[in-house]
Amino acid sequence: MSTSTHSLDFRTFQAAITGDTPDASTAGWLEAEFLGFHGRKPTPTHAASVARNIIDDGQVLTGVYDTDAPTHSLRPDIPVATFSSFEKPLTVSPGVQMPAHLISSVTVRATHRRRGILRRMMTDDLDRAAEAGLAVAALTASEASIYRRFGFGAATWVHDLAVDTDSRFALTTTPGGYCSLVDPHDIPAIAPAVFDAFHVAQPGSIARHAQYADRISGRVTEEGEEDRARRAAVHYSDAGDVDGYVTYRFSGWESKPHSIEVTDLVAASRDAYLALWQYLASIDLSTRVTFSSGAPDDALRWALVDPRVLTVTNIEDRIWLRILDPIAAFTARTYGDEGSVSFRVTDSLGFAAGSFRLSTEAGAGQLERLTSGSVDIEMDAWVLGALYLGGADARVAAAAGALREVTPGAATTMQRLLAPAVPVYSNTSF
């Protein structure tokens, strides 16, 4: 599909490989995407590897091409903007998943800003998602100030953790099972079953895209090379089943203190999670472990004899959600309390606009559209996306002025109804 606006040609296509080489459109798109995220220009081998992952995910790519570029600008087959989208399951409640429209690889060349390119790519893509019947869209944002205007709100967060593993590190209990060191190249075969068990039970979790296998194992880094410093360990339950894994690397002798950097840590049980941390803390010649995807209310802090050995060094939003079909989205998830609240959503793109009443009973929810009358709450579409999973607090949104209470106490009612069964968390970016 190709449509032109002045000198800008918007093309939507799927990646393709001929032999071991991406076709011209895919190769040019990849070069622009790497440029936008300050990566090295991909080698043909690396480009082919990334293209295979894109194909495996069924990603739909958009490239924007300047048909009137100056003579000495980059090749005309390298787009000035990139965009991709694909579908993966989102866990909205423990044991309940729904397909989510994921948006990634969003770049616009600095020379082509403020020409409406991002708005065009985003609105066209969301229109396609809504027409396909998808109820929610999601993204991970490199810049937090961009996506509210498109109806996305930050719905999950991660904490960067620094854990001192000197003599002060000790757990209050001894976790069951045991850990074993494994070849990191075995992790792509081990990880899917462990992640799936974690994923289905964890609200906010999104299924992983194809590139994760290379990323977590160090088989192919984002720069297209093998990380030969990568190490891995797994946890075996008392029954002998693998129910957790960790991949990591030593940060180097020049680092002070000497540290272990965790790349990925996924556990399907409490014992696995704590045992893997105990293993990391026991690694010789290091006195700190860092992890950039810790849960906001991490269980490790509660399990430490001295919780002050764990420090949060940064807090970052992870998953931004956009509601495309409010009735389908709110009906899909489960609820732990009973009651009702009404709200009006303002949505400049129209997808979630309208007045609704949420009623919950016996764990199930029903969202009905209202045609008249007053409501308890008023908010913009991005606030609705942020609140949907229950990880963001409606009362805090009201205190910040992002949500307006028409009926006093309505934000408290909404928070009570939306409160998740377990804390919301995602350890996946895309």
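This is a predicted model: local features need pLDDT of at least 70, side-chain atom pairs count only at pLDDT 80 or more; totals for chains, interfaces and linings use all residues.
Strands β12 and β13 form a hairpin, with five residues between them. In the turn, Gly240 has a positive phi of about 90°. Strand β12 covers residues 231-236, and β13 covers residues 242-250. The two run antiparallel and are joined by six bridges. Arg231 stands opposite Tyr248 in β13.

On to the next pairing of β12. Strand β11, residues 178-182, pairs with β12 over five bridges, in the antiparallel sense. Here Cys179 stands opposite His235 in β12.

These strands belong to an open sheet of seven strands. The order is β11-β12-β13-β14-β15-β10-β16, and the pairing is mixed. β11 and β16 stand at the edges, and each has a single partner strand, so one side of each is left without a neighbour in the sheet. Neighbouring strands of this sheet are turned by 25° against each other on average, direction ignored. In a regular strand, side chains alternate between the two faces of the sheet.

α6 packs on it, touching β10, β11, β12, β13, β14 and β15. The direction of α6 makes about 165° with that of β14. The other helix, α4, lies across β11, β12, β13 and β14. It runs at about 125° to β13.

How far does α6 reach from its first C-alpha to its last? The distance is 17 Å, close to the 16 Å expected for its 12 residues, 270-281, at 1.5 Å a residue. Nine of those 12 residues are buried, so α6 is largely enclosed by the rest of the structure. Among the buried residues are the aromatic Tyr273, Trp277 and Tyr279.

Helix α4 takes in 15 residues, 187-201. At 1.5 Å a residue it should span 21 Å, and its end C-alpha atoms are 21 Å apart, which agrees. Which residues of α4 are buried? They are Ile187, Pro188, Ala191, Val194, Phe195, Phe198 and His199. An α-helix has 3.6 residues a turn, so residues three or four places apart point the same way. Read the buried positions of α4 with that spacing in mind: Ile187, Ala191, Val194 and Phe198 are among them.

Key
Residues are numbered from 1 along each chain as its sequence is written. Side-chain values use heavy atoms; hydrogens and water are left out. Helices (H or I, at least four residues) and strands (E, at least two) are DSSP runs, numbered from the N terminus. The expected span of a helix is 1.5 Å times one less than its number of residues. Buried means under 20% relative accessible area, exposed over 50%, partly exposed in between (1.4 Å probe, protein chains only). Two strands pair if DSSP finds at least two bridges between them. Axes are lines fitted to C-alpha atoms, for helices over the stretch in contact, and angles run from 0 to 180 degrees between N-to-C directions. Contact means heavy atoms within 4.5 Å.
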